[in-house]
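I opened this notebook to keep a record of what I looked up in one structure. The entries follow the order in which I worked.

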Amino acid sequence: MAMTPLGAVVAAARVTVTRRAPEPICAAQSLPDGCEVIVMSGGAALGSAQVGMLEALSRAGVRPALILGTSAGAINACFFAGDPTLRGVERLAAIWLELTTRHVFGTTSHRATNLLLGRAGLSSSDGLRRVIADNLPFERIEDAPTPCGVVTTHLRTGTAVLHREGSAVELLLASAAIPGVFAPVRLSPDEAPTRPGTHVDGGVRCMVPVDMALAHHPARVWVLDVAGAVKGTRTYHPGSLDPVATGFAMAMAAQAEVADEAERNAHVRVISLPMNAVRRLRSAMDFSRGEALYAAGLQAAEQALDDE
C-alpha cells in the first residue's frame with residue numbers, strides 16, 4: 001500500500017518520538033593532526049545563510065578535510081566539496097539565489113493534486129533533482145574533490161546514517177526528503193552501500209551531525225547552524241494555518257539544540273543564524289529572502305571569526 005503524506009509524517013514522528021534512538025551508522029576514521037571539519041545543519045530555505053558562512057570561512061583560510069551535512073546542509077556540503085574555494089561559494093550562491101518555493105516544492109495546485117491522489121509526498125522532488133543533477137560536478141559521493149558525507153534517516157529502524165559513498169543525487173534527495181512533503185527515497189545497495197533501504201530527511205534523527213564529525217577526531221569542527229533560527233519564522237508557533245510547515249519547524253528547532261550542547265566541546269565552534277534574520281519568512285520553506293539570508297550568514301560568520 002502506498003504511503004500517504006499523513007502516513008509519512010506519522011511514520012517519521014514515530015521514529016522521532018516513540019523509539020529509543022539507535023546508534024547512528026558512522027564509519028569514522030581519524031583525520032590527520034590539525035585537520036578541520038565543517039558541519040552544516042538542515043534548514044530548508046535557510047540553507048542560503050550557510051553559503052554566506054562558507055564565504056567568510058573561505059576568506060579566513062579555513063580548508064576543511066571533511067564536510068558533513070544534513071538535508072539542505074548536505075546539499076551545501078556536497079556542492080562546496082566539489083569546489084571548496086571562493087569561486088565555488090560564488091557558484092553555490094548563484095544557485096541558491098535562483099531558487100523559488102515553486103521551484104523546489106511545486107505549485108499549490110500540484111500539492112493539492114498529490115494529496116487527493118494519496119501520493120507519499122505533497123510535492124514532487126523532480127525540481128530539486130534537476131537542480132542537483134544539473135549543477136553537482138560529480139556523480140558519486142566518494143568522487144568529491146574534498147571528502148564529504150550525507151546524513152539520512154533509515155525509516156524502518158530510525159537510524160541516522162552517514163553516507164561517505166554512493167549516488168550523490170539519490171542520497172541528497174533522501175537527506176532532504178521532508179516527511180509528508182517529499183516521498184521517502186528507496187536506495188539500492190549501489191546507491192547507498194552503507195545502508196540500503198527506504199530513507200527520509202536526515203533531520204528526523206540528526207539535524208546537526210556534529211557527533212559524527214567529532215568521531216573523526218578533528219582538531220576543529222565548524223558547525224554552520226541555521227536550524228535553530230526557524231523559531232523566528234511565522235509558522236513556527238502553534239496555531240499556524242500551515243501544519244506541515246509548523247511541524248517541520250518544530251522538529252528542526254528541537255533537533256538544533258544539539259548544536260548548543262556541542263559547543264561545550266573545546267574542539268567545536270558553532271556559527272548560528274540569528275532569529276531576527278528570518279522574521280520576514282513565512283516558514284522555513286519560503287525561498288523569497290535568499291539574498292538577505294546569505295548576507296545574514298556572512299555577517300554571523302565574520303563576527304564569530306572576529307571573536308576567535
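**Entry 1: the chain as a whole**

I began with a definition: a residue counts as buried when its relative accessible area is under 20%. By that cut-off, 55% of the 308 residues of the chain count as buried. I noted at once that the model is predicted, and I therefore looked up the predictor's confidence in each residue, called pLDDT. The chain averages a pLDDT of 85, and 79% of the residues score at least 70. Over residues 4-19 the pLDDT stays under 50, and for this stretch the model has 35 contacts beyond four places in sequence.

I then looked up the secondary structure, which comes to 11 helices and eight strands. Among the contacts between residues at least 6 apart in sequence, 78% join residues at least 24 apart.

Which residues does isoleucine 67 contact, once neighbours within four places in sequence are left aside? I first placed isoleucine 67 in strand β2, and I found that this residue is buried, with a relative accessible area of 0%. Its contacts are Ile38, Met40, Ala77, Phe80, Ala81, Thr146, Pro147, Cys148 and Gly149. For isoleucine 38, which lies 29 residues away along the chain, I noted a C-alpha separation of 4.8 Å from isoleucine 67.

Next I looked at serine 71, which sits in the loop between β2 (66-70) and α3. Serine 71 is buried at a relative accessible area of 5%, and its phi is near 55°, a positive value in a residue other than glycine.

**Entry 2: helix α3**

How many residues of helix α3 (residues 72-82) are buried? I found that 11 of the 11 are, so the helix is largely enclosed by the rest of the structure. Among the buried residues of α3 are Ala74, Ala77, Cys78, Phe80 and Ala81.

**Entry 3: strand β3**

I moved on to valine 150, which is found in strand β3 (residues 148-154) and counts as buried at 0% relative accessibility. Leaving out residues up to four places away in sequence, valine 150 touches Gly69, Ala74, Cys78, Ile141, Val161, Leu162, His163, Leu171, Leu172 and Ser175. Valine 150 and leucine 68 are 82 residues apart in sequence, yet their C-alpha atoms are 6.1 Å apart in space.

**Entry 4: helices α2 and α4**

Before turning to pairs of helices I reminded myself that two packed helices are described by the angle between their axes and the distance between the axes. The axes of helix α2 (residues 47-59) and helix α4 (residues 86-98) come within 10 Å and cross at roughly 165°. Angles over 145 degrees count as roughly antiparallel, and α2 and α4 are therefore roughly antiparallel to each other. The crossing of α2 with α4 is left-handed. On the α2 side the contact is made by Gly47, Ser48, Val51, Leu54, Glu55, Ser58 and Arg59, and on the α4 side by Leu86, Val89, Leu92, Ala93 and Trp96. By class, this contact has seven nonpolar, three polar and two charged residues.

**Entry 5: helices α7 and α8**

At what angle do helix α7 (residues 126-135) and helix α8 (residues 168-175) pack? The angle is about 140°, with the axes 10 Å apart, and α7 and α8 are therefore oblique to each other. Their crossing is right-handed. Leu128, Arg129, Ile132 and Ala133 in α7 meet Val169, Glu170, Leu172 and Leu173 in α8. The residues of this contact divide into six nonpolar, no polar and two charged.

I followed up leucine 128, which has its place in α7 and counts as buried at 10% relative accessibility. Beyond its neighbours within four places in sequence, leucine 128 is in contact with Ile75, His103, Leu173 and Ala176. Histidine 103 is 25 residues from leucine 128 in sequence, and their C-alpha atoms are 7.5 Å apart.

Is histidine 217 buried or exposed? Histidine 217 counts as exposed, at 55% relative accessibility, and is found in the loop between α9 (210-214) and β7 (220-225). Its phi is near 55°, again a positive value in a residue other than glycine.

Terms used: Residues numbered from 1 in each chain as written. Predicted model: local features only at pLDDT ≥ 70, side-chain atom pairs only at ≥ 80, totals over all residues. Heavy atoms only, no water. Axes fitted to C-alpha atoms, helices over the stretch in contact; angles between N-to-C directions. Helix = DSSP H or I, 4+ residues; strand = E, 2+ residues; numbered from the N terminus. Parallel < 35°, antiparallel > 145°, perpendicular 65-115°, else oblique. Left-handed = near helix turned anticlockwise from the far one by under 90°. Contact = heavy atoms within 4.5 Å. Nonpolar A, V, L, I, M, F, W, Y, C, P; charged D, E, K, R; others polar. pLDDT = per-residue confidence, 0-100. Buried < 20%, exposed > 50% of the residue type's maximum accessible area, 1.4 Å probe, protein only.
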